[in-house]
Amino acid sequence: MPSTADASGGRPADATAVKGVGLDARVQAAALAADLRRHTQGEVLFDAASRGRYSTDASIYQIEPVGVLVPKSEDDVAAALQIAAAHRVPVLARGGGTSQCGQTVGAALVIDVSKHLRQLTALDLSRGEVEVQPGIALDALNSALKKHGVWHPVDVSTSAQATLGGMAGNNSCGSRSIAYGNMVHNVAGIDAWLADGSQASFGPFEQASGRARELGEAVRALAEKHRAEIDAAWPKVMRRVGGYNLDVFHPQSPRPYTDDGRVNLAQLLVGAEGTLAFFRRLRLMLAPLPAHRVLGVVNFPTFHRAMDSAQHIVRLGPTAVELVDRTMIDLARANPAFRPVIESALLGQPAAILLVEFAGAERPPLLAQLSRLEELIGDLGLPSAVVPLADEASQKALWEVRKAGLNIMMSLRGDGKPVSFIEDCAVPLEHLAEYTAALTEVFARHGTRGTWYAHASVGTLHVRPILDMRIDGAQLMREIAEEAAELVRRFRGAYSGEHGDGLVRSEWVRWQFGSRLESAFEKIKDLFDPQGQLNPGKIVRAPRMDDRSLFRYRPGYAIAPLEPVLDWRAWDVHNDPATEALTEPGTGGDPARGFGKAVEMCNNNGHCRKFDAGTMCPSFRVTRDEVHGTRGRANTLRLALSGQLGADALASEAVREAMELCVGCKGCRRECPTGVDMAKMKIEFLHHYKQRHGHTLRDRMVGHLPRYAEWAARLPRLANLRNRSPLLARLAERITGLAANRRLPEFRRDRFTSTVPTTRAGSAVEPGDRQVVLFADTFNNSFEPENLAAARRVLAAAGYRVTVIVGSDGRPLCCGRTYLGTGMVEQALSEAQRTLDALLPHVRAGSTVVGLEPSCLLTLRDEFLVLRLGEGAQELAPASLLFEEFIAREAKAGRFTIDFRPLARTALLHGHCHQKAFGAMPQVEAALALVPELKVQAVESSCCGMAGSFGYEAAHQEVSLAMAEASLLPAVRAAPADALIVADGTSCRHQINDGAQRQALHVARVLEMALP
């Protein structure tokens, strides 16, 4: 079987550089960093936390880089390459850092092009080409191209975060490769730097000159020399991305490299994983954007029938045929964001579904193709097995589920995880059913199972057996890989069909191509990169795939003991790799009692780097810094908890820096496919950090707000004096850090709980079906009591009996939100227990708790469940609804029957982050839809940037406003003067008022306006 020792080719193995052995880290890194700071304008990151964050990608590997450069210009890259060459330090190009095979980790200078080098530099529609810098993400490019009616059609599932440089380096493929080909078929030219910093342009061979011509001639000579081996050993499938594209001179794929048969030298660099050159610009081919698409979802009773049918379906000319198996269906159902989408595509309980897409310029022919699909499936013995989806919205939603396939699989709790190493073997379609059946048997023999999904159209199905890489995963990985390789050989397929070689498959290059072609690949590497500077240890001269010293969970890895303040036991479980069954919470052996395992759920997929719809991750969207994304924070926490940032690092400044800009939006709670809940993790961090470093005056001002609010309401002129005195505001900023140019919310004498009848906790409870407890949160109660008054009036008008509960001492109830946000968890627990004790008797008597402020009410459904409040919190959570959720539920049941007056106006709606995180926005729109003639337009926005006290703090004001300016404030400014601006969050309304000088209203106020 493959080994590093016999693959060295007479030169020092690049595996040495991969591990960083022999590097005098302190002296060499310091000298390199000094030169980079002197000669570039980029960000030079050589601290331990930054290097740790760049030591992983979406693979099982972790290798600490020498340092990181985030270049601001192309000149920075050229200078860095020359500096690194002078220091004899390898260089590793990095985009989104989402490689699944370890391509973007190594003991090298990592150059991250994703922050600044992301421009569309030229567009030639007449030639159907676009030129881009390597750091631009695919979705960003296609968004810019959409208005021209074209797109770059290599639509990988990670399109929101995958950079074009990474896609070209990896030879990415995507769901529609059956129609458009792989990345290698869609690259027209590449301008690149060679290892010494010199530039070369790679394009059509006959037009090549200079160094590119020399290299092309040398590679052509190798191709001629090895013509026989190429003809004999090269996989004859379209999905082959292993090795270098030496067959560019004698194409072996069913789909030729170019339509006219000409040789394009750029295709030598595609799939080379940054080992031959560093991309400067890419010239990409474009395709007309399909005007119409239709989707047929074929439901199969067995997995085998789905696989056997693929070869027949492709004859209908689809643009995609994608598989989703039973396990993934069940996992999607368990995700609240995906459940309604996947269920809309199912007929009964299928063992697998195939998503079959047809696209074109006219709709009628596509509907005809959809009918032919239904006929074909009927002829195959499955009548009425196709769910047609002809509308764009439902298709897009289902594609999002499919695109999240890998990440859905990775949401499995416990140490065993689906591991990427044989996940993209490709076989001819006629062998697909037999191959998948045989590989399933291999998994079973080794006591595990795999989840299948992806590209049935081209015989590349992604499958990852569940292995525990901390225990016996490395051994099982080797055994399964060897058996899988024999199956690939039997069915004349390709061992590496889409995700590249990297660290996990490079040692298999010899197995796939033979020793003579492996030697030719090494010569190509030496021609382009004589000193082995560029991403060493990938494709040639590679380490063993199961070298545990390169693993993220290497020997000796351990989470340090920790007593968390929140209850993380749900994550502290073991899983059975054969059944995926979980043990009881708290039985997983995590020394951090589940917190460590929760942090480790991040698999580095990078979905938090997206810029499309949704909330996650607002701080990354405005900074584009790795440290300020969910992934960066999770990696920092993992490094700290496992001692890789020093002893007791959880309360360190390195972790504080990573958590600093987390606004607790909870976007990751819903949108991270692996379930990383950074908002809760920040609460946990703040508790430990503040335990060591103490609370600031600002912490106390914010945290204790619920307890001094009633006193401030008695002296509002004094409490609000700071807003009216610039001198006091400036002085207060120096003392508290609250920005002088921000108006703070103003305390009101007419607090809601002071102006309406209230019921003290412990009083007699009256049962009844139409009983509502209106939760008077601190913010609306103290600053905008008219919102609570409006809600009370609307509910009463609908026939509900509204009760307002206060504590037994008369003080209003509090969810503890302000305490949680400042790390005062013990005080939050005290308030939560007090609130639970007051509300639970009413809930048990049949009342629903209705709240207005999303961050407060939803604390009852979220944080209360991890504050160790007992079973009572489990009872309270489902009975606690936002005002709009309650109205939407009651209206749907026919119990909310107000005939609202028409409001012939536009309502521009901004959703609070927590509303989005809990999927409550449809209910908000449903409540507003009860008002005749009110035209609701939802703003496609992330976090408003205020996030409680975050936006009031001088240190965060710039970031806060940048978040708001991303989409919210421009939309508000563009709204008609008579439009209603609707925002349920107190902070959101203040940000809109400060940033756009428009008053925003709570939904309760809008409904009150429409009362008859």
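1. Arginine 283 is partly exposed, because its relative accessible area is 23%. The cut-offs are these: buried is under 20% relative accessible area, exposed is over 50%, and partly exposed is in between (1.4 Å probe, protein chains only). Arginine 283 forms a salt bridge with aspartate 191, and their closest N and O atoms are 3.5 Å apart. A salt bridge here is a side-chain nitrogen of Lys or Arg within 4 Å of a carboxyl oxygen of Asp or Glu. Aspartate 191 lies in strand β8 (residues 187-193) and arginine 283 in strand β10 (residues 278-285), so the pair ties together parts that are 92 residues apart in sequence. Aspartate 191 counts as buried, because its relative accessibility is 11%. Helices (H or I, at least four residues) and strands (E, at least two) are DSSP runs, numbered from the N terminus.

2. A word on the source. This is a predicted model, in which local features need pLDDT of at least 70 and side-chain atom pairs count only at pLDDT 80 or more, while totals for chains, interfaces and linings use all residues. Residues are numbered from 1 along each chain as its sequence is written, and side-chain values use heavy atoms, with hydrogens and water left out.

3. How many salt bridges does a search of the whole structure find? The search finds 70. One of them joins arginine 449 and glutamate 580, at 3.8 Å from N to O. Arginine 449 is in the loop between α17 (432-445) and β17 (450-455), and glutamate 580 is in the loop between α21 (515-528) and α22 (595-600), so this pair ties together parts 131 residues apart in sequence. Arginine 449 has 28% relative accessibility, so it counts as partly exposed. Glutamate 580 is buried, because its relative accessible area is 15%.

4. Glutamate 953 and arginine 698 also form a salt bridge, with the closest N and O atoms 3.7 Å apart. Glutamate 953 lies in the loop between β26 and α43 (957-965), and arginine 698 in helix α28 (residues 697-703), so the pair ties together parts that are 255 residues apart in sequence. Glutamate 953 has a relative accessible area of 9%, so it is buried. Arginine 698 is partly exposed, with 24%.

5. Salt bridges can also link up. Lys666, Arg669, Asp677, Lys680, Arg817, Asp862 and Glu863 are joined in a network of them.

6. Now helix α5 (residues 138-145). Which of its residues are buried? They are Leu138, Leu141, Asn142 and Leu145. The arc is that of the directions from the helix axis to the C-beta atoms. An α-helix has 3.6 residues a turn, so residues three or four places apart point the same way. The buried residues of α5 pack against β5 (120-124), β6 (129-132), β7 (150-151), α6 (164-170) and β10. Contact means heavy atoms within 4.5 Å.

7. Helix α42 (residues 921-928) has Met921, Val924, Ala927 and Leu928 buried. These residues cover an arc of only 115° around the axis, which puts them on the same side of α42. They pack against several elements, including α40 (883-892), β25 (906-910), α41 (913-917) and β26 (935-938).

8. What about disulfides? The structure holds zero, a disulfide being a pair of cysteine sulfur atoms within 2.5 Å. Cysteine 672 is in none, and the nearest cysteine sulfur, that of cysteine 602, is 6.5 Å away. Cysteine 913 is in none either, and the nearest cysteine sulfur, that of cysteine 943, is 3.7 Å away. Cysteine 672 counts as buried at 9% relative accessibility. Cysteine 913 counts as buried at 7%.

9. Arginine 656 lies in helix α25 (residues 653-659). At 27% relative accessibility, arginine 656 counts as partly exposed. Leaving aside neighbours within four places in sequence, arginine 656 is in contact with Phe685 and Tyr689. Arginine 656 and arginine 633 are 23 residues apart in sequence and 9.7 Å apart in space, C-alpha to C-alpha.

10. Leucine 718 is found in helix α30 (residues 716-719). Is leucine 718 buried or exposed? Leucine 718 counts as exposed, because its relative accessibility is 60%.
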